[in-house]
Amino acid sequence: GDFANLNAAMSDERVKDGDVLKILPNSSIPNSTITKAVTIEGNGYSSREDGYCGTMYVNSDGVTIRNLYSYGVVLQGKNLTVERCRMSTIHATDGNSADNATIRGCLIAGYVCGYYKNPAKGWKIYNNIISVSNYTGDALAYLSEATIDHNIIVNFRESLYSGVYAVNKVTQSSLTNNILIRSGNSEGVGSDVINTATKFEYNIHTNTSNPSGWPTNKAGFAY
């Protein structure tokens, strides 16, 4: 059936876990709360004419969001998949209930993070561009046991901001084949990322030098 918006679809008893909801071109969907394990399918993310969604508050496990232009996701559900989307943010409100997300092939013009009190575990982050320019925090943060591979992660900050990173507060994780860029006073990689990494290989980072004590078997290439 057709629904006025995603909230209406969530309220309709005909919509079941596993269903696919298609966002039509030229749609403008308001902020939505997703309470069922559905797939939300857009038409691409080159412009809002492909269809645009406001913030999606994902409160169900097993949600998939694909090919969509959206403001972003506020996550309180496990096993989220976001692929081929354009967003400003993906972040969790409670790390314990947001494990095992997969983010693949997306443009995130903002930040991606778990939760600062209890980092989300098991996220898989592949083949994305994550770029921060107007946010005072880190581009990627507050994760544990994550797999982060083949991404470009950028933190463009004005010189008045310091102590923010491209990647920070990501522990016991594997980081491989990434480009980790700093600009101004922002750092490429936080030392906690390196010191706890299960793997840190073949990354290009923009720290001005390898930190003192950086394990040689984990070191990337200082740009």
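Predicted model: local features only at pLDDT ≥ 70, side-chain atom pairs only at ≥ 80, totals over all residues.
Strand S7 spans residues 69-75. Six of its seven residues are buried, so the strand is largely enclosed by the rest of the structure. Two strands pair with S7. Strand S5, residues 52-58, pairs with S7 in the parallel sense, over six bridges. Within this pairing, valine 58 has leucine 75 of S7 as its bridge partner. Strand S9, residues 86-92, also runs parallel to S7 and is joined to S7 by five bridges. Here glycine 72 stands opposite threonine 89 in S9. In a regular strand, side chains alternate between the two faces of the sheet.

The cysteines were examined next. A search of the whole structure finds zero disulfides. Cysteine 53 is in no disulfide. The nearest cysteine sulfur belongs to cysteine 85 and lies 9.3 Å away. Cysteine 53 is buried, with a relative accessible area of 0%. Cysteine 113 is buried as well, at a relative accessible area of 11%. Both values count as buried because they fall under 20%.

Isoleucine 181 lies in strand S20, which covers residues 179-183. Its relative accessibility is 23%, so isoleucine 181 counts as partly exposed. Isoleucine 181 and histidine 205 are separated by 24 residues in sequence. In space, their C-alpha atoms are 5.8 Å apart.

Note on methods:
Residues numbered from 1 in each chain as written. Heavy atoms only, no water. Disulfide = S-S within 2.5 Å. Buried < 20%, exposed > 50% of the residue type's maximum accessible area, 1.4 Å probe, protein only. Helix = DSSP H or I, 4+ residues; strand = E, 2+ residues; numbered from the N terminus. Pairing = 2+ DSSP bridges.
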